[in-house]
Amino acid sequence: MKKLASLIIMALLLMVTTVPAFAAVSVSEEVYKALEERISGSFSYYDGGSAEVKDRQTFTTNQVDKEGNVVGEIEVDVMFVEFNEVRDNIFYYTGHELLYYDATNKQFIDTASIELTDEITAFTDQYSDETGKHFNTSSQVLYIILLSSVVIVPVLIMIFHNSGRSYITNFYRGASVSK
């Protein structure tokens, strides 16, 4: 039993991975409020106040309307943002997104409304592998424990149930033989 427990602990320790640490970049209070509104509107499990801008670069590009016509030149802040999501107060996720802030009009925009330059594409390609939602380490360990209990608990029930069952089977066999 000790070997099984040590194997399970060893497997859990091997699954724990380190997450690269980034230093937060400071943004103005106005941009941070708009960032909070954008993320809370896009992600339903967003943990309010947890957003941090990890990297930001400012680019000058053309604004494009819905038909693809150039409207004018704008200044765009492309931000790599990290935020937390909480589901049922049990599972914690860390989300990473690339967001585009129109510094000229003071609002967040989509990539469809700007003309992508080589510099913007290079910046977004730099973080393309890191965007998305990831389990936090503690939630991943809890998930593995809960998932493994689906297999371990029935096996333990079978082991302890079978040891007591041989007595009951012998008891009824003896009773039927004596009649």
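The dialogue below goes through strands, salt bridges, cores and a surface patch in a predicted model.

Me: What kind of model is this, and how are residues numbered?
Reply: The model is predicted, so local features need pLDDT of at least 70 and side-chain atom pairs count only at pLDDT 80 or more, while totals for chains, interfaces and linings use all residues. Residues are numbered from 1 along each chain as its sequence is written, and side-chain values use heavy atoms, with hydrogens and water left out.

Me: How many bridges join strand E1 to strand E2?
Reply: Helices (H or I, at least four residues) and strands (E, at least two) are DSSP runs, numbered from the N terminus. Two strands pair if DSSP finds at least two bridges between them. Here, E1 (residues 52–64) and E2 (residues 70–87) run antiparallel and are joined by 12 bridges. Gln-57 stands opposite Val-78 in E2. The two strands form a hairpin with five residues between them, and Gly-68 in the turn has a positive phi of about 95°.

Me: How many salt bridges does the count come to?
Reply: Side chains of opposite charge can pair when their charged atoms come close. The rule asks for a side-chain nitrogen of Lys or Arg within 4 Å of a carboxyl oxygen of Asp or Glu. By this rule there are four salt bridges. In one of them, Asp-110 meets Arg-38 at 3.0 Å, N to O. That pair links distant parts of the chain, 72 residues apart: Asp-110 is in the loop between strand E4 (107–109) and helix H3 (118–126), and Arg-38 is in helix H2 (residues 29–42).

Me: Are Glu-82 and Lys-54 buried or exposed?
Reply: Buried means under 20% relative accessible area, exposed over 50%, and partly exposed in between (1.4 Å probe, protein chains only). Glu-82 counts as buried at 19% relative accessibility, and Lys-54 counts as buried at 10%. The two form a salt bridge, with the closest N and O atoms 3.9 Å apart. Glu-82 lies in strand E2 and Lys-54 in strand E1, so this pair ties together parts that are 28 residues apart in sequence. Glu-52, Lys-54 and Glu-82 are linked in a network of salt bridges.

Me: Which residue meets Lys-133 in a salt bridge?
Reply: Glu-85 does, at 3.5 Å from N to O. Lys-133 lies in strand E5 (residues 132–135) and Glu-85 in strand E2, so the pair ties together parts 48 residues apart in sequence. Glu-85 is buried, with a relative accessible area of 2%, whereas Lys-133 is partly exposed at 38%.

Me: How many residues has the largest nonpolar core?
Reply: A nonpolar core is a set of buried Ala, Val, Leu, Ile, Met, Phe, Trp, Tyr and Cys residues joined through side-chain atoms within 4.5 Å. The largest has 13 residues, and those with the most contacts inside it include Leu-35, Ile-39 and Phe-108. H2, E2 and strand E3 (91–102) each supply at least two residues of this core, and H2 gives the most, with four. A second, separate core of 12 residues includes Ile-74, Val-76, Ile-109 and Tyr-127.

Me: Which element gives the most to the nonpolar patch?
Reply: Patches are made of residues with over 30% relative accessible area and no salt bridge; like charges are joined within 9 Å, and nonpolar side chains (Val, Leu, Ile, Met, Phe, Trp, Tyr) within 5 Å. Helix H4 gives the most to the nonpolar patch, with six residues. Phe-160 lies in helix H4 and counts as exposed at 60% relative accessibility.
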